[in-house]
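Welcome! Here is a short tour of the structure shown below, from its overall layout down to a few residues.

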Amino acid sequence: MRKEYRSAVYVYNDEQYAFAKAQLDLIQSMQTEKYITQVLYLEHFRPSREAIQNYYQKDPKRPFCKRYISPKLDLLRIKYADVFAD
């Protein structure tokens with residue numbers, strides 16, 4: 001799915017861009033698989049087609065959600081239990 005969907009952090013200004021890029025670079029330095037997340041300015045944002053907006057919220061039991069999204073959310077819930085809200 002890496003070629004079909006964009007993973008991005010959208011920012012308002014150069015300061016946010018530099019911060020987000022530095023954070024992604026730091027995370028990337030601790031991983032072996034190449035991250036595809038881009039840092040983009042909000043002016044370049046284009047919403048997804050309606051059918052895939054809020055994909056996980058619409059049906060978290062879908063195979064893609066169960067395999068990829070739920071495990072990531074579970075890790076976040078454990079690591080950031082004090083701030084994570086469902």
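## Overall layout

The protein has three helices and two strands, where helices (H or I, at least four residues) and strands (E, at least two) are DSSP runs numbered from the N terminus. Starting at the N terminus, these elements follow the order β-α-β-α-α. The C-alpha trace spans about 40 × 30 × 25 Å along its principal axes.

This is a predicted model, in which local features need pLDDT of at least 70, side-chain atom pairs count only at pLDDT 80 or more, and totals for chains, interfaces and linings use all residues. Residues are numbered from 1 along each chain as its sequence is written, and side-chain values use heavy atoms, leaving out hydrogens and water.

## A residue in helix 3

Let's visit S70, which sits in helix 3 (residues 63–79). Is S70 buried or exposed? S70 is buried, because its relative accessible area is 15% and buried means under 20%, exposed over 50% and partly exposed in between (1.4 Å probe, protein chains only).

Setting aside neighbours within four places in sequence, S70 is in contact (heavy atoms within 4.5 Å) with Y56, P60 and C65.

## A residue in helix 1

L26 belongs to helix 1 (residues 14–29). With 46% relative accessibility, L26 counts as partly exposed.
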